[in-house]
Amino acid sequence: MRTVVFAAMAVLMPYAASAHDGMAVKDAYARGANPKSGAAFMLLENHRKVDCTLQDVASDAAERVLLHTSEETDGIMKMQSVEGITIPAEGEYLMQRGGDHVMMMGLKAPLEDGQTVKLTLDFGDCGTEEVEVPVDNQRDAGHAGHGDADMKDEHADH
Ligand SMILES: [Cu+2]
C-alpha cells in the first residue's frame with residue numbers, strides 16, 4: 001500500500017512544482033474601444049515568493065502598447081500611463097475594466113470576436129510570459145470571472 005502512495009507522489013510532484021512556479025495569467029480577454037484602439041484585461045496570479053512587477057507589454061497587434069490605469073476625476077473617466085503593476089508575492093492582481101489595463105493604440109486591424117491577440121508580458125526579474133488573449137467585445141464589464149451559474153444565483157436571491 002505504502003509503495004503505491006509513494007509511486008503516485010513521484011508522478012504528481014513534478015507537475016505540482018511547475019504549477020506553483022512563476023506567473024499565471026487567467027481569464028484574459030481583449031476588446032476594441034474603436035477600430036484603432038483596444039484594451040486587454042486579465043487576472044495575474046503570482047506563484048513566486050517575491051513581489052513581481054509587470055513593467056512592459058509588447059504586441060505585434062498595435063503600434064503602441066502601454067500599461068494604463070483608469071481614474072475617475074470630477075465624474076469623467078480618464079486613462080493615464082502607469083510605470084508598473086506589482087503583483088504581491090503569492091498574491092494576485094486583477095486588471096479590469098475601469099482600472100488597470102493593457103492599452104493597444106494604433107491597431108493594425110480592428111479587434112474582432114474570435115481572434116486572439118498575442119501579448120508578451122515583461123515582469124522584469126520575474127521573467128516574461130507570452131499569452132494568447134481572446135477578443136471578446138461582448139463581455140459584460142461587471143461579471144469578470146463569473147459564469148452563468150453565478151448570475152443565476154444572483155437572480156435567485158431577489
Ligand atoms: Cu487605456
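**Notebook: copper site, strands and core**

I began with Tyr29, which counts as buried at 3% relative accessibility (buried is under 20% relative accessible area, exposed over 50%, partly exposed in between, with a 1.4 Å probe and protein chains only). The model is predicted, so I kept to its limits: local features need pLDDT of at least 70, side-chain atom pairs need pLDDT 80 or more, and totals for chains, interfaces and linings use all residues. Residues are numbered from 1 along each chain as its sequence is written, and side-chain values use heavy atoms, without hydrogens or water.

**Aromatic rings**

I searched for aromatic pairs (Phe, Tyr and Trp rings, the six-membered one for Trp, with centres within 6.5 Å; planes under 30 degrees apart are stacked, over 60 edge-to-face, the rest tilted). The count came to one. Tyr29 and Phe41 make up this tilted pair, at 5.3 Å centre to centre with 35° between the planes. The pair links distant parts of the chain: Tyr29 sits in strand β1, Phe41 in strand β2, twelve residues apart (strands are DSSP runs of E, at least two residues, numbered from the N terminus). Phe41 is buried as well, at 5% relative accessibility.

**Copper site**

Which residues hold the copper ion? I found four protein donors: His68 through ND1, Met79 through SD, His101 through NE2 and Met103 through SD. They lie 2.1 to 2.4 Å from the ion (donors are N, O and S atoms within 2.8 Å of the metal, 3.2 Å for Na, K and Ca; water is not among the atoms, so sites may look incomplete).

I then checked the geometry. Angles among the four donor atoms run from 90 to 120°, and the site is tetrahedral (for four donors, all angles between 85 and 135 degrees). The ideal tetrahedral angle at a metal is 109.5 degrees.

His68 lies in strand β5. Leaving aside neighbours within four places in sequence, I listed its contacts as Met79, Gln80, Ser81, Val82, Gly99, Asp100, His101 and Met103 (contact is heavy atoms within 4.5 Å).

**Strand pairing**

β5 (62-73) and β6 (76-81) run antiparallel, joined by six bridges (strands pair if DSSP finds at least two bridges between them). Thr69 has Gln80 in β6 as its bridge partner. The two strands form a hairpin with two residues between them, and Asp74 in the turn has a positive phi of about 50°.

I looked next at β9. It pairs with β5 in the antiparallel sense over six bridges, with Ala62 opposite Leu107. Four bridges join β9 to β2, also antiparallel, and here Ala39 stands opposite Met103. Six of the seven β9 residues are buried, so the strand is largely enclosed by the rest of the structure.

I picked out Val102: beyond four places in sequence, its contacts include Gly38, Met42, Val57, Val65, Leu67, Met95 and Leu119.

Conventions. Four donors count as tetrahedral if all angles lie between 85 and 135 degrees; four count as square planar and six as octahedral if opposite donors are over 155 degrees apart and all others between 65 and 115; anything else is irregular.
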